[in-house]
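Student: Could you pick one part of this model and take me through it slowly? I'd like to see how it sits in its chain.

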Amino acid sequence: MASLDRVKVLVLGDSGVGKSSLVHLLCQNQVLGNPSWTVGCSVDVRVHDYKEGTPEEKTYYIELWDVGGSVGSASCVKSTRAVFYNSVNGIILVHDLTNKKSSQNLCRWSLEALNRDLVPTGVLVTNGDYDREQFADNQIPLLVIGTKLDQIHETKRHEVLTRTAFLAEDFNAEEINLVIEKRYFSRENNQIPGFPDRKRFGGGTLRN
Amino acid sequence: LIFFLDTGLPEGILFFGFGWFFFMHQLFKDYEVRQYVVQVIFSVTFAFSCTMFELIIFEILGVLNTSSRYFHWKMNLYIILFILVFMVPFYIGYFIMSNIQLLHKQRLLFSCLLWLTFMYFFWKLGDPFPILSPKHGILSIEQLISRVGVIGVTFMALLSGFGAVNCPYTYMSYFLRNVTDTDILALERRLLQTMDMIISKKKRMAIARRVMFQKGEVHNRPSRFWGMIKSVRTSAPGSENLTLIQQEVDALEELSRQLFLETADLYATKERIEYSKTFKGKYFNFLGYFFSIYCVWKIFMATINIVFDRVGKTDPVTRGIEITVNYLGIQFDVKFWSQHISFILVGIIIVTSIRGLLITLTKFFYAISSSKSSNVIVLLLAQIMGMYFVSSVLLIRMSMPPEYRTIITEVLGELQFNFYHRWFDVIFLVSALSSILFLYLAHKQAPEKHMTL
């Protein structure tokens, strides 16, 4: 368990979008039966075989840091959250497809996390405005995930998905739209059929 | 045109617009409004409550003629009661039922049932209180108002009591604990260490699970009852270990939550210390001393009222004028001044209570709502707000000179107003004393944890 194998990924997003369910799904391969409020930060670990099957195969521990709270929290909560943003290797931004505001808040989340890393003095220099330039030289890979696709009516899905495609472009990120729905999982809670076991974060490679 | 102005519609629209704006930009800042019904109900409740206050002001200033004012009072009252007793509770039940998956199909039926239950308890509320004179029939408007009044007055007194104590506590810097940067850094280090411990334990669990999976064992979550029994039977040491580690992880996670909250608390205190050094901070500190004296005086007066079974007969304005005329010998036109001073005093009371209530509602809403329950909570808040405003009208009667009280007495019927004031005093006292106790305990408990020895 040397620090060489450590990959730290933040999972950010508004309250109630499904971050805890997502993390639980990724790490335990099960659906979270009773989601509750995340206070502070909850961490879970997934063992991942990078470049599986090739001679360069290496096993990594992916730490998923699920940070709770809302983007409009009091500044004391934000300062406390900032302690989790150190030495991050990747960021997953989660938004709720049924709630437009959660997608709008994503840039504020990413600014909060990225600025913390860029300015080591600990002073948050941001006026909250979104600036694409700030993401241009960002080295940390971003992944945007949209949840609760099943709760949107069939007819509206196309419109919602186009909107989120623009969002992902803004961040220069990869995008996945997820359904976290119970009927996809069999009773024995085995490995989910068809769930991608390989994940690419942003387009970047996993760096130490 | 005069008739249009006479109906009070323009002000109503103004208040409605304000309520709408408040809902949109303050309450539902982070949520998407999908059910506009909720927003409409909230704004309508707010609009009619404000119209009632407006009518009080008109009463004092003598705007419009008596009969038209009386008509407006009656109409407003009926509408507000209809909203508070029929519409809002029904919609609350409807939205609760919409959230519950099982009952989603017959939610209309169940929300009617819920409303009938509400009406039953609402009616029963009137029994222990001596609020009505016996000459009123069972279906009179006074029945409804009296019960709404009891609930509203209780809320008002609870909020007043807590506010009276909390206000000086937060304003005054005397109570601020001394927090240094080293304290905060030490706590943050502990938090990160705890997270690292959680991670290392979870890594062990993940590896163990992987090994077991590769060996072909079907694995359930170790904390489940049958999983534990099965693991004992098949003597797999892996899953027993996992249970143990899982328990340790649960304890560590609880610890990490505690540390997080404590760190946030320290940051908040540090900010308040910095704020208290500014000019604004010093001003609020001074206000805090002033409010603490006021708070002590109010508690004292409430105790006196209850112990000596005293109900003030004169309002502060008339009493103030009497004092100035009799003791200070200043002569002035009593009638003219009493009208204007009442207007200002009542106006201040109304504005501060509306503002205070909206701020409290917003804080409460942010603290407890989530995207699923936001509709229900907003409607509950609208209900509380309506009842609060109706009872304010009841109680404000006391602050007005007798000539302006008549219309309230006429419109609301023969309620036992004295009872409401007594009830307010009792609940205020209880609330203020328990807040003092609560804040004392919270204050004492906190510093021992973080002071660096």
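Tutor: Let's begin with a term: a contact means heavy atoms within 4.5 Å. In chain A, 71% of the contacts with a separation of 6 or more are between residues 24 or more positions apart. This is a predicted model, where local features need pLDDT of at least 70, side-chain atom pairs count only at pLDDT 80 or more, and totals for chains, interfaces and linings use all residues. Residues are numbered from 1 along each chain as its sequence is written, chains are lettered from A and ligands numbered from 1 in the order in which they are written, and side-chain values use heavy atoms, leaving out hydrogens and water.

Chain A has six helices and six strands (DSSP runs numbered from the N terminus: H or I of at least four residues for helices, E of at least two for strands). Along the sequence they run β-α-β-β-α-β-α-α-α-β-α-β. Of its 208 residues, 48% are buried, meaning under 20% relative accessible area with a 1.4 Å probe and protein chains only; over 50% is exposed, and in between is partly exposed.

Now zoom in on strand 1 of chain A, residues 6-12. Six of its seven residues are buried, so the rest of the structure largely encloses it. Strand 1 pairs in the parallel sense with strand 3 (residues 58-67) of chain A, over six bridges; pairing takes at least two bridges found by DSSP. Strand 1 also pairs with strand 4 (residues 90-96) of chain A, again in the parallel sense, over four bridges. Look at A:Val9: it stands opposite A:Leu64 in strand 3 and opposite A:Gly90 in strand 4. As you trace the strand, remember that in a regular strand the side chains alternate between the two faces of the sheet.
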